[in-house]
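Okay, thanks for making time, everyone.

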Amino acid sequence: MEKNFVIKWLDEIDSTNSEALRHIGELDNLSVIAARNQTAGRGQRGNKWVVEPGANLTFSIVLKFAPGQLKVRDCFCITEAAALAVAGIREAETRIKWPNDIYVRDRKLCGMLIENGSSGDSITYSVVGIGLNVNQTSFDPSLTNPTSLKKLTGKDFDTEAILSEILDNLGSLLPMLETEDGRASLHQTYNGDVLYRKGIKGRYRDNLRDVEFEGIIKGVAENGRLSILNCTEAVEASYAFKELSFFI
Ligand code: BTN
């Protein structure tokens, strides 16, 4: 479903998320800040997000919520909608690596940095920052497993067309955030076959106890916690983001 996203393209900015946060008071719902180059792109866990200028998509979508529209306890549905919107692109066979990386087989195509604001028990805004590798073919060796649409297919892509595809996908999903049934259905889709490594044995590290183990992902709870069967200790445990690392 077409929604009224308004895209502002910048040649260069430190970080589209930082830019959106600096202007959050003036920006309308569905504003999108996209940059051809970021000089201080920010990733998860305090990492930098460094990409080749002009080759990829780096953008932030501003979502605004009226008081009471979306409770803080339900905010994982923003992650689910954003991840499903990107995973829905036609150009690659994608999976969502919990919570919001987009993978193709065992390679990372896209990362997200979602920064929410709240007042009381309500979410007031969300800045959904998305870095999707499109036409870049060589990556910094410090990155473990990056890929791009071009690396996967050998073809060049129009970054603006991919951005419109993602926004169209998100536009169709956003109304689901507004009702309990909609959120439940969004969650079911997120928690289905699209979830990377679901039901498959893999190696993980429990960062709280600093132990490695063989595990099988069982699913993700509506609050965003990942449930995993620890095969080494024969127990099921649930983790918040940063408490668990994947070995890939
Ligand atoms: C990750 O570490 O996987 C998250 C990367 C998120 C990068 C995007 S690029 C657009 C937006 N602006 C930023 O500074 N970060 C996000």
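This is a predicted model: local features need pLDDT of at least 70, side-chain atom pairs count only at pLDDT 80 or more; totals for chains, interfaces and linings use all residues.

Let's begin with Lys 242, which counts as partly exposed because its relative accessibility is 48%, and that falls between the 20% and 50% cut-offs. Lys 242 sits in the loop that runs between β11 (235-239) and β12 (244-247). Its phi is positive, about 85°, even though Lys 242 isn't a glycine.

There's another non-glycine with a positive phi: Asp 210, at about 55°. You'll find Asp 210 in the loop between β8 (201-206) and β9 (211-220). So is Asp 210 buried or exposed? With 59% relative accessibility, Asp 210 counts as exposed, since the cut-off for that is over 50%.

While we're on backbone geometry, have a look at Trp 98 and Pro 99. A cis peptide bond joins those two, with omega at about 0°. Pro 99 is in the loop between β4 (95-97) and β5 (101-104).

Where does the ligand sit? In the largest pocket. Which elements give two or more residues to the shell around it? Those are α1 (16-22), β3 (57-64), β6 (107-119) and β7 (122-132). β6 gives the most, with 4 residues.

There are 20 residues around the ligand, and the ones that come nearest are Ser 15, Gln 38, Arg 42, Gln 44 and Lys 108.

Ser 15 has a polar side-chain atom 2.7 Å from a ligand oxygen atom. For Gln 38, a polar side-chain atom is 2.9 Å from a nitrogen atom of the ligand. With Arg 42 it's the backbone: one of its polar backbone atoms is 2.7 Å from a ligand nitrogen atom. As for cover, the ligand on its own exposes 420 Å², and the protein buries 98% of that.

Two more residues before I stop. Ser 60 is in strand β3, and it counts as buried because its relative accessibility is 0%. Its side chain makes a polar contact with the side chain of Asn 17, at 2.6 Å.

Last one: Ala 35, over in strand β2 (residues 31-38). Ala 35 is at 0% relative accessibility, so it counts as buried as well. From Ala 35 to Gly 154 it's 119 residues in sequence and 24 Å in space, C-alpha to C-alpha.

That's my tour, thanks.

Key: Residues are numbered from 1 along each chain as its sequence is written. Side-chain values use heavy atoms; hydrogens and water are left out. A residue is near a molecule or strand if one of its heavy atoms lies within 4 Å of it. A polar contact is a pair of N or O atoms within 3.5 Å; within protein, one must be able to donate a hydrogen and the other to accept it, and residues adjacent in sequence count only if both atoms are side-chain atoms. Accessible areas come from the Shrake-Rupley method with a 1.4 Å probe; for residues, only the protein chains shown count as cover. On a 1 Å grid over the protein atoms alone, a cavity is a set of points where a 1.4 Å probe fits but cannot get out, and a pocket is an open set with protein on both sides within 12 Å along at least five of seven lines; lining residues have an atom within 4 Å of a point. A molecule sits in a cavity or pocket if more than half of its atoms lie within 2 Å of its grid points. Buried means under 20% relative accessible area, exposed over 50%, partly exposed in between (1.4 Å probe, protein chains only).
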